[in-house]
Amino acid sequence: LSGSIPNSVGNLTNLQILDLSNNRLKNKLPTVISQLTNLEYLYLGSNDLTGSIYQSFSYLNQSLKLMSIPANQLTGKLTNDICSLVNASIDISGNYLICYESCWNDANGKTLRA
């Protein structure tokens, strides 16, 4: 797959697994991913995604178990809201994100790979 992740993905409200890893996806992460309130596993690694991980992703707090977005071109600060996702292991390695110590402390024993 190539191009952008379409905003229409936000309409898939019962989706539990979204795996778009190892493609040629570009541009920013669409904020509509935060509307996937039943999403448990998010795999977007090894693409060419840019921009930030939006604070709105914290709306996935109750359902998300794994957020795997390594090996992209993401930039910016990782907010405490993202680090404190209750049940999620997070892999954001291979990007250009800033992760403050307070974010690591909020991980509460979960896996946070930056």
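Author: Welcome! The model is predicted, so local features need pLDDT of at least 70 and side-chain atom pairs count only at pLDDT 80 or more, while totals for chains, interfaces and linings use all residues. Residues are numbered from 1 along each chain as its sequence is written, and side-chain values use heavy atoms, with hydrogens and water left out.

Reader: Why is serine 63 called buried?

Author: Buried means under 20% relative accessible area, exposed over 50%, and partly exposed in between (1.4 Å probe, protein chains only). Serine 63 has 13% relative accessibility, so it counts as buried. Serine 63 touches Leu36, Thr37, Asn38, Leu39 and Glu40, leaving aside neighbours within four places in sequence; contact here means heavy atoms within 4.5 Å.

Reader: What makes the pair of tyrosine 41 and tyrosine 43 stacked?

Author: There are two aromatic pairs in the structure. Rings of Phe, Tyr and Trp (its six-membered ring) pair if their centres lie within 6.5 Å; planes under 30 degrees apart count as stacked, over 60 as edge-to-face and the rest as tilted. For tyrosine 41 and tyrosine 43, the centres are 6.4 Å apart and the planes lie at 10°, so this pair is stacked.

Reader: And why is the pair of tyrosine 54 and phenylalanine 57 called tilted?

Author: Their ring centres are 6.4 Å apart, but the planes are at 55°, so the pair is tilted. Tyrosine 54 is partly exposed, because its relative accessible area is 23%, whereas phenylalanine 57, at 0%, counts as buried.
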